[in-house]
Amino acid sequence: MEMLTGISIKKTTYSKLKEVDFDNLEFGKYIADHMLVCDYYEGEWHQPKIVPFANLSLRPDTLALHYGQTVFEGMKAFRMEDGKVNIFRLDKHHDRFNRSLHRMCMPYMPEEIFSEGLKQLITLDNEWVPNQEGSSLYIRPFMYASEARLGVKPADEYRFIIFTSPVQSVFAKPIKVKVETEYIRAAKGGTGFAKCGGNYGGSFLPTQRAKQQGYDQVLWTVGKDKKFIEESGMMNAMFVINNTLITAPLSDSILDGVTRDSLIQLAKDKGVAVEERRIGTDELITAFRDNTITEAFGAGTAAVVAPINLIHIDGVDYKLPFYTVNNLMNQLKQQLEDIRTGRVSDIYNWNHII
Ligand SMILES: Cc1ncc(COP(=O)(O)O)c(C=O)c1O
């Protein structure tokens, strides 16, 4: 791997670190001092630089603002027991970023800029990685079409940025979800598997309506009759029925979640039966009627697991049993935390320790 030896670093003259209440980290409230910036023009990426986190200046005809060529990632760095910092599954996030970019007709992001740039950024802002159990440094890499030109076309110029924010886990409390049967998030051949801005913008109205009806999130469905569960707003959906962990299979309409992948592996290692297959609302209703469904949860970087205590299907609220630390989701969550913090060995090389 080529090292970015020439990366220029301009340090902030005023660190905001002392303003952070690390025991009370509201998601996105604090942004770390520095960001990585790298520009693409004339067909290639230029030398990245690390600069103080600051506003951007954009011309009103910047292409991203009009035609939506924007892609982002969401990942986390953890403070390990020995004090080192671990960026969890960096390679898989980099790979997914490039799959998203490809779908949005945006240029490939080389590993040495994504990974090495990020490592240098985190090394500089090392003190922003929280020590508190369950807290971490959220990492937001993103890219947008920075070319200013009115024509409807893929841009010739792009900007890549990474900034970070100390956070604690969200959705610790169980959530209520509504199976969405009016709107869809993604369709076959569309952009559902890509982490592009438009997927999220399009999901806001249905989610807002669900919230007005008393639910926290929607469960997206797919298919002509909208019967098969895909995923949730920011998480993949998982169910435990008859002691089997069931989740929708990957496709071009679902995000290939890093947490999903990790939990599936850990469940298999425990000897739990795992099925990646279509799961329909009829099957869920039968499982509620027969009391064979014992867990439902979202899996994603922000929450790790978000327990679901109620699922609304076609006008009926179905309640899940109470959860304890012995539930599969909580065992898997604990195991993941133990790997990330170095308490147990990292047999799959998921940790990128800097
Ligand atoms: C639509 C969607 N599904 C699933 C996930 C979970 O993916 P991950 O576990 O990689 O955070 C996310 C969050 O990134 C998401 O935005």
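A: A surface patch is made of residues with over 30% relative accessible area and no salt bridge, where like charges are joined within 9 Å and nonpolar side chains (Val, Leu, Ile, Met, Phe, Trp, Tyr) within 5 Å. A salt bridge here is a side-chain nitrogen of Lys or Arg within 4 Å of a carboxyl oxygen of Asp or Glu, and accessible areas come from the Shrake-Rupley method with a 1.4 Å probe, for which only the protein chains shown count as cover of residues. This is a predicted model, in which local features need pLDDT of at least 70 and side-chain atom pairs count only at pLDDT 80 or more, while totals for chains, interfaces and linings use all residues. Residues are numbered from 1 along each chain as its sequence is written, and side-chain values use heavy atoms, with hydrogens and water left out.

Q: Which residues form a nonpolar patch on the surface?
A: Leu-56, Leu-58 and Leu-65 do, with about 260 Å² of accessible area together. Leu-56 lies in the loop between strand 4 (49-52) and helix 1 (63-67), helices (H or I, at least four residues) and strands (E, at least two) being DSSP runs numbered from the N terminus.

Q: Is Leu-56 buried, exposed or partly exposed?
A: Buried means under 20% relative accessible area, exposed over 50%, and partly exposed in between (1.4 Å probe, protein chains only). Leu-56 has a relative accessible area of 37%, so it counts as partly exposed.

Q: Which residues of helix 6 are buried?
A: Helix 6 (residues 258-269) has 12 residues, and its buried residues are Val-258, Thr-259, Arg-260, Ser-262, Leu-263, Ile-264, Leu-266 and Ala-267. Just after helix 6, Gly-271 takes a positive phi of about 85 degrees.

Q: Which residues line the largest cavity?
A: Rolling a probe the size of a water molecule over the atoms shows where empty space is left. On a 1 Å grid over the protein atoms alone, a cavity is a set of points where a 1.4 Å probe fits but cannot get out, and lining residues have an atom within 4 Å of a point. The largest cavity is lined by Lys-76, Phe-78, Phe-88, His-93, Val-258, Thr-259, Thr-301 and Arg-340; strand 6 (75-79) and helix 6 are the elements that give two or more residues to this lining.

Methods. The expected span of a helix is 1.5 Å times one less than its number of residues. On a 1 Å grid over the protein atoms alone, a cavity is a set of points where a 1.4 Å probe fits but cannot get out, and a pocket is an open set with protein on both sides within 12 Å along at least five of seven lines; lining residues have an atom within 4 Å of a point.
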